[in-house]
Amino acid sequence: MSDMQRAITILGATGSIGASTLDVVARHSDRFRVHALTAHTNTGLLIRQCLRFRPRYAVVGTPEGAARVREALHDKNCRTEVMTGPEALEQVASDPAADTVVAAIVGAAGLSATMAAVNSGKRVLLANKEALVMAGPLFMAAVGSSGAELLPLDSEHNAIFQCLPRNFSHAGLTDNGVRRVLLTASGGPFRDTPLEELRSVTPAQACAHPNWSMGRKISVDSATMMNKGLELIEACWLFDIPGSQVEVVLHPQSIIHSMVEYVDGSVVAQLGNPDMRTPIAFALDYPHRIDAGVEPLDLVRVGHLDFQRPDSTRFPCLRLAYEALKAGGSASVVLNAANEVAVAAFLESGLGFTDIPVVIEETLAGCASGSLRTMGDVLDADSEARRVARAALQRHAGGPG
């Protein structure tokens with residue numbers, strides 16, 4: 001193997017981000033090798049990934065799953081060491097033998113391992129937006145003190161990064177002549193659905209995104225636009241910019257992934273087909289650009305690009321995110337926890353689609369906003385918010401229909 005290869009650990013290898021990352025890695029075996037892969041329950045796919053990429057470690061969410069993976073790899077003479085549990089996740093995230101960690105575990109579950117990677121001073125490719133939503137001040141302080149290199153994988157934040165000057169200062173975008181950031185959103189599958197029909201939306205309908213192939217939880221977040229609300233909070237921490245300078249714009253085609261407006265009137269946009277391999281390839285080998293396997297953009301075939309402002313009546317989750325960002329303290333932790341509880345209930349047909357923001361708003365109102373000085377504060381706020389959210393669920397039980 002070449003000494004120039006980057007050793008990659010993928011937290012959440014069997015999700016859409018993990019699978020896309022491995023696709024890019026496979027195209028450039030001279031540049032990258034896989035050091036560790038992790039999965040929660042999708043042992044079948046993890047086994048196939050291990051047999052193809054032969055990582056040093058694999059981490060599985062349960063002991064039973066780990067036993068299945070261990071047995072299958074042993075039968076194929078694959079020497080990958082299989083581990084289980086949150087401590088194992090943190091171990092591979094901070095392992096000095098890997099220089100790059102892709103943080104793609106969805107939700108609060110990925111927070112500790114992502115922080116472990118940052119504290120180890122690695123290049124961290126961040127797809128776990130909850131790390132910044134829940135622990136923004138602690139996370140960015142850790143990036144500064146450890147010397148970690150933080151590169152965003154979300155297509156919107158990656159686009160913003162690409163639209164900024166190469167030497168931009170994290171001391172604030174206004175120092176770089178930035179007037180505002182325009183965060184684009186497709187509007188999801190219900191952008192034009194009559195409001196009265198939203199109450200009867202089913203999980204299958206909410207997960208059918210018109211442009212992107214994503215997991216179930218993030219697909220529902222896109223349908224409610226909570227995903228864009230979380231991205232708003234993430235952008236403010238990543239680029240040190242107040243929420244008042246970030247505007248969400250609906251763009252149904254998902255061709256422009258975000259824009260940066262400068263004080264001289266220039267607006268710089270990053271365009272491309274909606275394929276996560278583009279931001280992944282950009283971040284994996286930054287500052288170099290490599291082939292991602294993505295079809296070239298044909299603007300003539302696209303024909304037109306449309307924009308509109310989001311309707312707060314249709315998308316109350318976006319309003320709640322702006323309010324949580326403005327409130328500060330633990331409000332974003334509460335927002336995220338309540339959303340995870342509500343979306344899980346909706347996916348199990350235990351909550352109506354339009355009741356998702358209702359549960360979130362009641363949880364925000366029922367939790368005092370405290371300061372976040374330690375990770376313990378973050379986890380305590382998360383736990384309390386889930387308790388309050390579950391109580392709110394009882395008042396709104398019953399699925400779509």
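**Two helix pairs to click through**

Start with helices α6 and α10, whose crossing is left-handed. This is a predicted model, so keep that in mind as you go.

To bring the pair up, select residues 130–146 for α6 and residues 226–239 for α10. Their axes sit 8 Å apart, and the packing angle is about 20 degrees. Since angles under 35 degrees count as roughly parallel, that makes α6 roughly parallel to α10.

Now show side chains where the two helices meet. On α6, pick Glu130, Leu132, Val133, Gly136, Pro137 and Met140. Colour the α6–α10 contact by class and you get 8 nonpolar residues, 2 charged and 1 polar.

Next stop: the other pair. Select residues 155–163, which form helix α7, along with residues 277–284, which form helix α11. Here the helices pack at about 50 degrees, and 9 Å separates their axes. That angle makes α7 oblique to α11. Turn the view to look at how they cross: the crossing of α7 and α11 is left-handed.

How values were computed
Residues are numbered from 1 along each chain as its sequence is written. This is a predicted model: local features need pLDDT of at least 70, side-chain atom pairs count only at pLDDT 80 or more; totals for chains, interfaces and linings use all residues. Side-chain values use heavy atoms; hydrogens and water are left out. Axes are lines fitted to C-alpha atoms, for helices over the stretch in contact, and angles run from 0 to 180 degrees between N-to-C directions. Helices (H or I, at least four residues) and strands (E, at least two) are DSSP runs, numbered from the N terminus. Angles under 35 degrees count as roughly parallel, over 145 as roughly antiparallel, 65 to 115 as roughly perpendicular and the rest as oblique. A crossing is left-handed if the near helix is turned anticlockwise from the far one by less than a right angle, and right-handed if clockwise. Contact means heavy atoms within 4.5 Å. Ala, Val, Leu, Ile, Met, Phe, Trp, Tyr, Cys and Pro count as nonpolar, Asp, Glu, Lys and Arg as charged, and the others, Gly among them, as polar.
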